[in-house]
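Subject: A structure for you to explore

Hello,

Here is the structure I promised to pass on to you. Please open it beside this email and follow along as you read.

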Amino acid sequence: MGDSGVLPLLGQAAAVVSAAIGRVRPEVAGADPVARRSERADFQSNAALAVAKRVGMRPAEFAAELAGALADPGGGLFMAMVSGTGFLNITVADHVVWQQVSARLGDDRLGVAAAEAGRRTVVDYSAPNIAKEMHVGHLRTTIIGDSIARVLDFLGGTVIRQNHLGDWGTQFGMLIQYLDEHPDLRWRHDELNGDVSAVSALDGLYKAARGEFDGDPAFADRARARVVALQSGDPATSQRWREIVAESERAFGDIYDRLGVLLTPDDYVGESFYNPLLADTIAELVDKGIAVDSDGALVVFSEAVTGPDDQPVPLMVRKRDGGYGYDTTDLATIRYRVHTLRAERLLYVTDSRQALHFRLVFEAARRAGWLTDEIDAEHIAYGTVLGPDGRPFKTRAGGTVRLADLLDEAVAKARAVVAERNPDLPAAELDAIAEPTGIGAVKYADLSTSRVKDYTFDLDRMVALQGNTSVYLQYAHARIRSILRKAEDRTSRIDVSVALEPAERALALELDAYGTVVAEVSATLEPHRLCGYLYDLARDFTGFYESCPVLTAADPVRGNRLALCELTAKTLAHGLGLLGIAAPERM
C-alpha cells in the first residue's frame with residue numbers, strides 16, 4: 001500500500017457522488033458532495049439540498065437523479081436511497097467493506113497516508129528550567145507537544161523536536177556563588193544515593209540562595225559579580241554552570257522516560273545557545289527599521305495590537321541597561337530555526353497566557369521576513385490543570401505539585417484498581433501493569449480534553465475502568481489480545497463474500513475512519529479528536545463482541561471476525577501509541 005494509504009470509504013463515497021453530479025448535471029460539476037457518516041445508512045450526502053436550486057429542481061428530485069446515477073448495474077459498490085427532503089443515504093456493498101478491512105490489515109501503516117511527507121516542522125515543547133523541578137505546569141506542554149510530534153512524524157513529516165530549556169540568567173550567578181561558598185552541600189546525582197533527584201536538591205539550594213541574596217547585601221554583590229563572570233566565560237564559573245545543566249538534564253530525562261516522552265538530550269537547546277545570535281538578530285531588525293529606540297530601550301512597536309491607551313504595544317528587544325529578555329531570545333530562535341534548521345512550520349506548545357507574547361513575536365518575525373506565506377508559526381495554546389476547588393492545581397499546603405509526585409500517586413491508584421480486578425496477580429506483574437496504566441491515565445485525561453480548555457485533575461476518574469479513560473482502552477486492547485491468543489489459528493483470512501452483520505459493519509466503518517481522524521489531528525493539532533475516536537472504536541468493538549460470537553463461529557465467518565479483532569487491536573495500539581500511551585497485551 002505504501003505512503004499513499006487506503007482511500008477511506010467516506011472519501012470513495014464522496015468521489016462517487018461528485019462524479020454522479022457531473023454526469024447528471026454537468027453545469028454544476030465539481031460541487032461539494034457534502035458527504036458524512038450517518039446513523040441511517042453508512043454515509044449521507046446533502047449535495048442535493050445545496051445544489052438543487054442552482055439547477056432549478058427540488059432537492060428530492062435532484063437527489064433521485066443522483067440515486068439513479070449511482071445505481072450503475074456494472075458497479076454496485078454503493079447503493080443510494082433518497083430520504084426526507086433530499087438527503088441521499090448511501091450504503092456500501094458488503095464485499096467492498098470486507099476488501100477495505102483486508103487492505104488496512106495488510107498494510108503496515110493501517111492504510112493511513114503519509115500526508116505530511118516532505119514538510120519540516122519544529123515542535124517546541126516541555127521547556128523546564130534548569131535547577132528547578134518539573135511540576136504540574138509542565139504536564140500539558142510535554143504531553144500535548146509529544147503527541148503532536150508523534151502524529152506529524154507518523155504522517156511522514158520531518159519533525160524537529162526542540163526542548164527550549166531555561167538555562168541562562170541572573171539566577172545562575174546566585175546559585176553558583178552559593179554552591180561555591182558551601183562546598184559540603186550534596187547535589188550531584190552520585191552524591192544523593194537515590195534519596196532525591198539532583199534537580200530536586202538544586203531547587204532547594206536555589207531557594208536557600210535566594211533567601212541569602214535577599215537578606216545579605218554582601219552575598220548579593222558577590223552573586224552579581226558571578227553573573228558577570230558567567231557571561232564573560234570565566235572557566236571555573238562556566239564549568240560549574242555546565243555541571244548544574246548536566247545534572248538537571250539527567251533528572252528531566254528520568255521524567256521523560258517515565259512519561260514515555262520522546263525528547264532526548266539531542267533535542268535540548270537552551271536559551272544560552274542563542275546568546276551568540278542575539279546581536280545579529282537585533283542588527284537585522286534595526287537595519288530593516290523594525291526595531292526603534294524608545295527612551296533608551298530598543299523595541300518593536302506592534303502594527304496590529306494596541307494597549308488600553310490605544311498606543312501600539314511594544315516588544316522589548318533590548319533593555320535600557322543593554323540586557324536581553326525572552327522577547328529577544330524568541331526572535332533569535334525563529335530566525336535560527338528558519339534559516340539554519342530550514343523549518344517550514346514552527347509550533348510552540350505553551351499555555352494560553354502567553355498568547356499576546358507570541359502574537360507580538362510572530363508579527364515582528366513576519367515583518368522581518370523570517371516568517372512568510374510558505375513559513376508559518378503557530379502558538380499551540382492550552383488551558384490550566386485545575387484542582388477539585390476549580391483553581392490551579394496545588395498541594396494541600398498551597399505549593400506547586402511536583403510532577404514526579406503526581407505520577408507516583410497515579411501509579412499507586414492504578415495499582416489498586418488492577419489489584420481489585422485481578423487479586424491473584426503476582427506483585428511483580430501487578431507493578432509492571434500499574435506503571436503504564438497509571439502514567440497512561442494521566443496522559444489520556446490531559447489529551448482527551450480539548451487543549452484550549454481547563455480540566456480538573458481527578459485521579460479516581462482517570463483510572464476508572466468505565467468511561468472515556470485510557471484504562472478502558474487498555475483493557476479493551478488486552479481483551480482483544482486475549483481473544484486472539486485463544487484462537488488456535490491466528491491467521492486472519494477474509495472471505496469477502498460473507499454477508500455483514502450490523503455490528504460487524506459498524507465496527508468496520510469505524511476502523512475505516514482511522515486515517516481520516518489522524519489527518520484531522522494533524523490539521524487541527526488537537527489530540528482529543530484521536531482520543532474520542534479510540535473511545536468510540538472500543539465501544540463499537542464491545543457491541544460487536546456482544547452480538548457476534550468469534551471463537552465459536554464457523555468458518556469463514558470466524559476468520560472474518562478474527563480479522564476484525566486483529567485490526568481493532570492494531571488500531572487501538574497504534575492510536576494509543578500516537579498519544580504516547582502503552583497498550584499492554586495483558587491486564
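One term first: a residue is buried when its relative accessible area is under 20%, exposed when that area is over 50%, and partly exposed in between, using a 1.4 Å probe and protein chains only. Please keep in mind that this is a predicted model, where local features need pLDDT of at least 70, side-chain atom pairs count only at pLDDT 80 or more, and totals for chains, interfaces and linings use all residues. Residues are numbered from 1 along each chain as its sequence is written, and side-chain values use heavy atoms, with hydrogens and water left out.

Let's begin with Asn163. Its relative accessibility is 0%, so Asn163 counts as buried. You will find Asn163 in the loop between β6 (158–162) and α6 (170–181); helices (H or I, at least four residues) and strands (E, at least two) are DSSP runs, numbered from the N terminus. Which residues are in contact with Asn163, leaving aside its neighbours within four places in sequence? Contact means heavy atoms within 4.5 Å, and the partners include Tyr125, Pro128, Tyr256, Asp267 and Val269.

Arg481, in helix α17 (residues 470–486), has a relative accessibility of 12% and therefore counts as buried.

Next, helix α3. This helix covers residues 59–70, 12 residues in total, and reaches 16 Å from its first C-alpha to its last, close to the 16 Å expected (the expected span is 1.5 Å times one less than the number of residues). Its buried residues are Phe62, Ala63, Leu66, Ala67, Ala69 and Leu70. They sit on the same side of α3 because they cover an arc of only 160° around the axis, the arc being that of the directions from the helix axis to the C-beta atoms. What covers these buried residues includes α1 (9–24), α2 (47–51), β3 (78–83) and β4 (87–92).

Two of those covering elements, β3 and β4, pair with each other in the antiparallel sense over 6 bridges; two strands pair if DSSP finds at least two bridges between them. They form a hairpin with 3 residues between them, and Gly84 in the turn has a positive phi of about 60°. Met79 has Thr91 in β4 as its bridge partner. Strand β2 (residues 43–45) is also joined to β4, antiparallel, by 3 bridges, with Phe43 opposite Ile90.

Elsewhere, 3 strands form an open antiparallel sheet in the order β7-β8-β9. Which strands stand at the edges? They are β7 (292–294) and β9 (312–318), each with a single partner strand, so one side of each has no neighbour in the sheet. Between β8 (residues 297–306) and β9 there are 5 bridges, and Val299 stands opposite Met316 in β9.

Finally, the cores. A nonpolar core is a set of buried Ala, Val, Leu, Ile, Met, Phe, Trp, Tyr and Cys residues joined through side-chain atoms within 4.5 Å. The largest has 155 residues, and Leu406 and Phe457 are among those with the most contacts inside it. Leu406 touches Val136, Phe393, Val401, Val442 and Phe457, not counting residues up to four places away in sequence. A second, separate core of 35 residues includes Ile160, Ile282, Trp370 and Ile375.

Enjoy exploring!

Best wishes
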